[in-house]
Amino acid sequence: MTRHLLRDDDLTPAEQAEILDLAAAMKKDPFGEGLGKPLAGPHTVAMIFDKATLRTQASFTAGIAELGGQPLLVDGNLAGIGKRESVADVARVLGRQVSQIVWRTYHQSDLETMAELSGVPVVNALTDDFHPCQLLADLLTITERRGSLAGLTVTFLGDGACNMGNSWLLAGALAGMHVRISAPEGYLPARAVWDRAAEIAATTGGSVAADPDPVAAVSGVDVVVTDTWVSMGKEDEAAARRAVFTPYAVTAELLSAAAEDAIVLHCLPAYRGMEIAAEVIDGPQSVVWDEAENRRHAQKAVMAWLHERRGR
Ligand code: CP
């Protein structure tokens, strides 16, 4: 059966670890001198973007080339997926042209349709609900700094109801981490995601918890994570969101409550003076540039791993 990465828990804990190990190996050998080029041929990988991007487009494009493949950029607006043509028909057409499909879009259900009907591996490059490629890059970055993941405590602050909050719950639980979400009332991940993450954590030794008090939530933690308060599509709510999220800003004072050697992650783009202070993101505990680079290594591992399992 063809495998996909549509949400973080499409991987088992062992598979997540396998992909992270492969990503680390690929980072050491970026041009495949020893590991080879699994997309040589070249196999074409379609990248469709219905939302803005910098990191995702750049890292997939470079990563596909490093794997020996051919990136095909599809402008979502030009293709008019779901408007000019149904998702189902696009899936049937694209699946006959390319070896994998990477898609950044709005609805998780559309991504599922693409996976069901294209016949090729489909990778979630961000939906309203999940951002699994970002999480693999984040976990790779933490592993580089801490050596392992299981047992570490991580706090995600801000809009816990966004794709990053959901993905942190699932991916952190898979890795055996203790994941805390610190968000105001009404901004926690959906119940179904909590329940699924708790179920996973019970098997990995991790845990998931919510704490609306940002200082208590970061107290002694190993990793502090935040994201923009105004996710793509929420621009009309910007003023209201700033008001409610201000206590959750990652300032130097808040960070001082975390472990002395805590590291700070932000998937970017960042808004200094809003969700994160300039002195924090540009300070010694920030690992955001490694995190951004690691998108390429993590996604290369995902594409190689899925390619090996295509049509099985
Ligand atoms: N973090 C992330 O997904 O970046 P882009 O939106 O720039 O792709």
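Predicted model: local features only at pLDDT ≥ 70, side-chain atom pairs only at ≥ 80, totals over all residues.
Thr 155 is placed in strand 5, which spans residues 153-157. Its relative accessibility is 0%, and Thr 155 therefore counts as buried, since buried means under 20% relative accessible area. A polar atom of the Thr 155 side chain lies 2.6 Å from the backbone oxygen of Ala 217. When residues up to four places away in sequence are not counted, Thr 155 touches Arg 180, Ser 182, Ala 217, Val 218, Val 221, Val 223, Val 224 and Val 225.

The largest nonpolar core holds 66 residues, of which Phe 60, Leu 136, Leu 139, Ile 142, Trp 168, Leu 169 and Met 177 touch the most other members. Apart from this core lies another, of 19 residues, which includes Leu 157, Tyr 248, Ile 276 and Ile 281.

Two cis peptide bonds may be described in turn. One joins Gly 41 and Pro 42, with omega about 0°, and Pro 42 is in the loop between helix 1 (13-28) and strand 1 (44-49). Another joins Leu 268 and Pro 269, with omega about 5°, and Pro 269 is found in the loop between strand 9 (263-266) and helix 12 (278-281). Leu 268, in the loop between strand 9 and helix 12, also has a positive phi of about 70° although it is not a glycine, and at 10% relative accessibility it counts as buried.

A positive phi, near 120°, is likewise found in Leu 126, a residue other than glycine. Leu 126 lies in the loop between strand 4 (122-124) and helix 6 (132-146), and with 6% relative accessibility Leu 126 counts as buried.

Notes:
Residues numbered from 1 in each chain as written. Heavy atoms only, no water. Helix = DSSP H or I, 4+ residues; strand = E, 2+ residues; numbered from the N terminus. Buried < 20%, exposed > 50% of the residue type's maximum accessible area, 1.4 Å probe, protein only. Polar contact = N/O pair within 3.5 Å; in protein donor to acceptor, adjacent residues only side chain to side chain. Contact = heavy atoms within 4.5 Å. Core = buried A, V, L, I, M, F, W, Y, C linked by side-chain atoms within 4.5 Å.
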